[in-house]
Amino acid sequence: MRIIVDVMGGDNAPLELVKGACKAAGMYEAEYTLVGDRSAIEKVARENELDISAFEIVDARDVVEMTDDPITAVRKKGESSMMVGLHLLAEGKGDAFVSTGNTGALFTGASLIVRKIKGIQRAGIAAVLPMNTPVLLLDSGANISVTAEYLEAFAMMGSVYMNKIFGIESPRVGLLNNGSEECKGTELQIETYKRLSENKNINFVGNIEANKVPFSVCDVLVTDGFTGNILLKNIEGMGRLMIDSIKGLFLSNSMTKVSALLVKKQLSAMKKKFDTTEYGGAPLLGFKKPVIKAHGNSKEKAFASAIKQAYFFASSGVIDDISREAATLREKRLAEKALENVPSHAALEGDEGIK
């Protein structure tokens, strides 16, 4: 297996990303291609005594900036590390691609270069929420406007991912909503509820309110990208607030500092459990090849975790299973459209109906 790594994107390139690649290489038996400014990569490796001798380096001097417009980045920055990496993936010169760069540019580039799986109308960004048991949030930022069909496909792709990567036999799928009742939400949520309820291949457990998400009520949570991104960032912010508050509590005086020593092991375990760097990035589901979007501020540990995700994603068979399920959804969609085009008896017989 070969993993293609963009080491020029994000806030801490290239040093922390090269360090992350070296860390991952020591844990997973795979070959690695580093894409970026060769001179910059070799410089940070030399200055920090990092062994990159086993890595292939593909020179790409241009960089997609966080402020770049996605379409412009794809069209005018074809020699950037991100676009070169995506082309290598599409050409079969690697099995997965990881980048910390501009999310919009990565998603757009994957859409135009790697391409979507046949039958998938919209790909989505799937973020793993670090709850008591991990929850896959889909979509978490790619699609502001969605249809019930898109959300049904998200539910399917999320179920396949959680089954293959986390070993969950029949992942529970929830629909993010403002109430648990079947009638809650807009027309979109009501129609999606109906579709998910009728899909026998999806273990749908109903509407999920945001305050229930942390309590292991579902394994996959589907919503539009705008709402999902807000929820994701709120959860990340609250997680940091809680960790900082607990830290402040235990460091407030000499007595609490002693108490902290007594529960140090438990505190470390709790911090690890809710640490987003343990997952490192979000898989882009719906494309023909594995693409992982790592956090823009990733450092060594988080980036190594993102590479780990790419490794398991590429070796899991997720894309093959999604392709099979997508074919089923496509047949269902075509059948529904065919029914929509069948004229009613009343229309055939005139306004007065059948005599």
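**Reading the fold**

Reply: Among the elements that cover the buried residues of α1 are β1 (2-6), β2 (31-36), α2 (38-47) and α11 (300-316), where a covering element is one in contact (heavy atoms within 4.5 Å). Helices (H or I, at least four residues) and strands (E, at least two) are DSSP runs numbered from the N terminus. This is a predicted model, in which local features need pLDDT of at least 70 and side-chain atom pairs count only at pLDDT 80 or more, while totals for chains, interfaces and linings use all residues. Residues are numbered from 1 along each chain as its sequence is written, and side-chain values use heavy atoms, without hydrogens and water.

Me: Which are the buried residues of helix α1?

Reply: Buried means under 20% relative accessible area, exposed over 50% and partly exposed in between, with a 1.4 Å probe and protein chains only. In α1, which spans residues 15-25, the buried residues are Glu16, Leu17, Val18, Gly20, Ala21, Cys22 and Ala24.

Me: Which residues touch the most other members of the largest nonpolar core?

Reply: A nonpolar core is a set of buried Ala, Val, Leu, Ile, Met, Phe, Trp, Tyr and Cys residues joined through side-chain atoms within 4.5 Å. The largest one here has 61 residues, and Val98 and Ile307 are the two that touch the most other members. Helix α6 (residues 148-166) gives this core its largest share, 10 residues. Apart from it lies another core, of 39 residues, which includes Val84, Phe97, Ile208 and Phe287.

Me: With what is valine 98 in contact, once its neighbours within four places in sequence are left aside?

Reply: Valine 98 then has contacts with Ile3, Ile4, Val5 and Asp6, with Ile292 and Ala294, and with Phe303, Ala306, Ile307 and Ala310.

Me: Where does glycine 101 lie, and is glycine 101 buried or exposed?

Reply: Glycine 101 sits in the loop between β4 (96-99) and α5 (103-114), and it counts as buried because its relative accessible area is 2%. Leaving aside neighbours within four places in sequence, glycine 101 is in contact with Gly9, Gly10, Met66, Met82 and Lys293. From glycine 101 to alanine 294 there are 193 residues in sequence but 7.8 Å in space, C-alpha to C-alpha.

Me: How many aromatic pairs does the structure hold?

Reply: Rings of Phe, Tyr and Trp (its six-membered ring) pair if their centres lie within 6.5 Å, with planes under 30 degrees apart counted as stacked, over 60 as edge-to-face and the rest as tilted. The structure holds seven such pairs. One of them, between tyrosine 311 and phenylalanine 312, is edge-to-face, with 5.3 Å from centre to centre and 85° between the planes. Ring pairs also link Tyr28 with Tyr311 and Phe312 in a cluster, and phenylalanine 312 counts as partly exposed because its relative accessibility is 39%.

Me: Which peptide bond of proline 14 is cis, and which one of aspartate 139?

Reply: For proline 14, it is the bond from alanine 13, with omega near -10°, and this proline lies in the loop between β1 and α1. For aspartate 139, it is the bond with leucine 138, where omega is about 15°, and aspartate 139 belongs to the loop between β6 (135-138) and α6.

Me: What is phi of glutamate 49, and what is phi of serine 216?

Reply: Phi of glutamate 49 is near 55°, a positive value in a residue other than glycine, and the residue is placed in the loop between α2 and β3 (56-59). Glutamate 49 counts as exposed because its relative accessibility is 75%. Serine 216 likewise has a positive phi, near 55°, in the loop between β8 (203-208) and β9 (220-222), but serine 216 counts as partly exposed because its relative accessibility is 25%.
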